[in-house]
Amino acid sequence: MDRKLKLDLNRASKEQLLTVPGIGEEQAAAIIDYRKTHGRFRRVEEITLATTLQGVTVDDLLDRVEVGNADGS
């Protein structure tokens, strides 16, 4: 089974975030700032609290990103 690895919004660096379609420089910086200010994302959908996506919807991101647990799992 070929399972794609998803990027964890709570741990991803700016460079990693930039590999996701719809996330540019401004969005990546806003996601990181949001984590610093508000703590970890609990659901992928919370990305819309941090930034506006470019040409994609949250549903489009679900196969590319995830939200890991606080313990890193």
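1. Reading from the N terminus, the elements of this chain go β-α-α-α-α-β. That makes four helices and two strands in total. Keep in mind that this is a predicted model.

2. On confidence: the average pLDDT for the chain is 89, and 90% of the residues score at least 70. Of the chain's elements, helix α1 (residues 14–17) has the highest mean pLDDT, 97, while helix α4 (residues 58–61) has the lowest, 92.

3. How does the overall size look? A compact globule of 73 residues would have a radius of gyration near 11 Å, and the chain has 11 Å, so the two agree.

4. Now the inside. Which share of the 73 residues is buried? Buried residues account for 38% of them. As for who touches whom, take the contacts between residues at least 6 apart in sequence: 54% of these join residues at least 24 apart.

5. Last, the charges. How many positive and negative side chains are there? The chain carries 11 positive and 13 negative ones. The centres of these two sets lie 4 Å apart.

Key:
Residues are numbered from 1 along each chain as its sequence is written. This is a predicted model: local features need pLDDT of at least 70, side-chain atom pairs count only at pLDDT 80 or more; totals for chains, interfaces and linings use all residues. Side-chain values use heavy atoms; hydrogens and water are left out. pLDDT is the predictor's confidence in each residue, from 0 to 100. The radius of gyration is taken over C-alpha atoms; the globule rule is 2.2 Å times the number of residues to the power 0.38. Buried means under 20% relative accessible area, exposed over 50%, partly exposed in between (1.4 Å probe, protein chains only). Contact means heavy atoms within 4.5 Å. Lys and Arg count as positive and Asp and Glu as negative; His and the chain ends are not counted. The place of a charge is taken as NZ of Lys, CZ of Arg, CG of Asp or CD of Glu.
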